[in-house]
Amino acid sequence: MKVDNSLPLEYSTEENSLKILGFWIFLGAEIMLFATLFAVYFTLENRIGNGPSGAEIFEITPVLFETFLLLTSSFVIGLGIHAMRLGNKKATMVFFSITLLLGAGFLGFEIYEFVHYIHIGATLQTSAFTAALLTTLGTHGLHVILGLFWGLFILIQIKKRGLTPETANKSFIFSLYWHFLDIVWIFIFSFIYLKGMM
Amino acid sequence: MEFFKQFAVPHPSFLIYGAMVSIGLAMLAIVVGITYFKKWGYLWREWITTVDHKRIGIMYLLTALLMLFRGGVDAIMMRYQLSMPENTFLDSQHYNEVFTTHGIVMILFMAMPFITFFFNYLIPLQIGARDVAFPRLNALSFWLFFMGMGLFNLSFIIGGSPDAGWTSYFPLANNEFSPTVGTNYYMIAIQIAGIGTLISGINFITTILKMRAPGMSLMKMPMFTWSAFIANVIVVFAFPVLTVLLAMGTMDRLFGTNFFTTDNGGMDMLWANLFWVWGHPEVYILILPAFGLYSEIISTFARRNLYGYKSMVASMVVISVFSFIVWTHHFFTMGQGALTNSIFSITTMAIAIPTGVKIFNWLFTLWKGKIVFTTPMLYSVLFIPLFTLGGVTGVMLAMSAADYQYHNTMFLVAHFHNVIIPGVVYAMIAGLTFYWPKMFGFMLNERIGKWTAWIMSIGFLLSFMPMYITGLDGQARRMSTYSEAAGFSMLNMVSFVGAGIMAISFVLLVYNIYYSIRYASRDIGSDPWDARSLEWATHTPVPEYNFAVIPEVASTQAFWDTKKNGHELFKGKIEKIHMPNNSGWPFIMACFFFVFGFAMVFSIWPVVIVTLIGILVCMAYRSFEKDHGRYISVKEIEETEAKLRGAKK
């Protein structure tokens, strides 16, 4: 394997730079996926049938907690990648661990939120609006769950194998994914919750 | 027993039982055959676990040919059913299932893999690379596609086929109007195959952007690679829409959500809109690589550079953008209002402009060329007028006011077959004939090939021209029969005869393969057509590593320049080559997907959960796996090269 030392570790082999470009293209596909979900949500937003509307079920408190946790985790993973570039294995692992914990906290609030919705009668089957809402939030939530496992696996690999071109590459790609989920959440926060509560 | 009842076919008939028995016997024969010849190990080592783009390509090809015949049998059954008024060969339910599966099989399980075969086989060779960017993902793409295809075809004998048309519009596709599990198969099988297609889209874009030979700037890529690049960009942007759409359809059918229902706020037109937001770009995903193949073939056999290279590229880019803003033309009659219809009418007609540019570029390439009428060239030359005919009727359909007359009639059916058959199918067969010697080391027989092309064209005209007339006279599509008084019988009989003639041409194609395997010369060298681009610069058969030395390129016709203008292609010396290892995991993961899909179709939740965990475990395993590939030593490469050079003489 040819290693180019003039580049950051995550870009240092040809395979690594292929993987990063491939992942950017994958994120392009993910943008289309969420764009479709948003389009569906905006189309069905006011088609509530006999069920509740957004203004009736949204609560600001858990949403603010979720937003705070996820945005912070996105900042922390940035610190993690910075530490990785400095070659500090221990700091990288600490920041990655904090990221995952914050992500798990986010997920906890989201699960609470879902239970709450179902409790007050806004289930998947209630109306077109609830179906679109829960599918959009659920798709984002599933991405976070998958990300938690993925991040955990990478953390274990950094611990076992150190910061190699391979693990650095995986960490960097994971950070792209995590920032992406954060951006999607900003859209969810602005255009689903805030818009719905107004 | 109660449990097994759900697997029974809901509308059994003699035909379905016959098919079951023949499928069973064929499977048994394959298993016994492989066991008898002790080929299981070979199959596993050389094919199932392979990550070589050429072998994966050939597996796509075999799947596509298999599905061509399955979809073809559907077509013949439909034409026979309609050849006489009040025919009772197929009842209306069975007819619904046949036209539904015909559409999906031909578009998604025949044309798509056929094109992906060309992507796989040609892109790395045309850009002078040793493999695709992510060889193992490539294997996963194939196996996901294959399992989706297998699951879809299973519907025929277990549980019932989808019956709501290939577009599967709601509310027709909901549980009330489509009560069998057929539409569940549609939702889930296409989902699995679609994930495979999306992955390969990402793979090919990365390959083309990052792995081109030195000197090959984007504007020096062969035209097929350009068309493949644009098609894959469309894949990456269109297929996620399908993913979401099918997921919502699945939820409506299995979990009782209200996305596309007619009460509780559901909106059935949302399905139609999103389906075509994916579906229209999808037809360009099919046609652009076909255009790419025609460009290669026409310039090779006109013995000229492709005329208007830059305008070819520009027109494809324009088409790819427009493909996303025309979807409403598929349902002008379904209540958008005049303004919306007018806008989509204009964008649709505008697509004729870049397409026209391409037609003229091909004509100008032929102009003053030293044309050699080989079989691939014959298909290409037949394509130009036939496809233009289809394009012109497309512009007729694009006029939204006039479309109220044509909508959902046989006129539409005639139109899209008129673009897909000369556009895509001819390109596939032409490309297959053109690249056959590169793949297998012998040429297909030219005499039989030309007969095939002419018979196919006559059959095509006889089958589809009458539909324009019956369509204008008001024969609706998807009607299983009509009365004698309607007066369609004569023309429909002509259509049936045409379909029979087309069937003969496909049989002739198979005979040609058989004949050429037996009699064709193996002594053809590596460049039998006197072609122009890099894929012909390496040996036949292509060694595992494609090029011993990575070529250096200075024009769009690098190999031609090497032969005629003294360009030096291979400047470096042989070094050890890094290759990826084979892996069984893509196959195993796809098997989990298959069982997962089957369990989803029948809502067997414990199996769904277990297989889902299986899929996740495969992903976790892949995350932890250390696999740095292997090296082919210089000595090995030199031996292979010497052997292949020797074999050439």
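Across the interface of chain B and chain A, the rule finds 0 salt bridges (a side-chain nitrogen of Lys or Arg within 4 Å of a carboxyl oxygen of Asp or Glu). The model is predicted, with local features requiring pLDDT of at least 70 and side-chain atom pairs counted only at pLDDT 80 or more, whereas totals for chains, interfaces and linings use all residues. Residues are numbered from 1 along each chain as its sequence is written, chains are lettered from A in the order in which they are written, and side-chain values use heavy atoms, with hydrogens and water left out.

Polar contacts at this interface amount to 8 residue pairs, both members at pLDDT 80 or more; such a contact is a pair of N or O atoms within 3.5 Å, where within protein one must be able to donate a hydrogen and the other to accept it, and residues adjacent in sequence count only if both atoms are side-chain atoms. On the side of chain B that touches chain A, two or more residues each come from helix 7 (182-210), helix 8 (223-254), helix 9 (268-301) and helix 20 (605-624) of chain B, helices being DSSP runs of H or I with at least four residues, numbered from the N terminus. Helix 8 of chain B gives the most, with 8 residues. The contact (heavy atoms within 4.5 Å) takes 35 residues from chain B and 36 residues from chain A.

In chain A, Asn88(A) caps the N-terminal end of helix 4, a side-chain oxygen lying 3.3 Å from the backbone nitrogen of Lys90(A). Just after helix 4 of chain A, Gly121(A) adopts a positive phi of about 85°.
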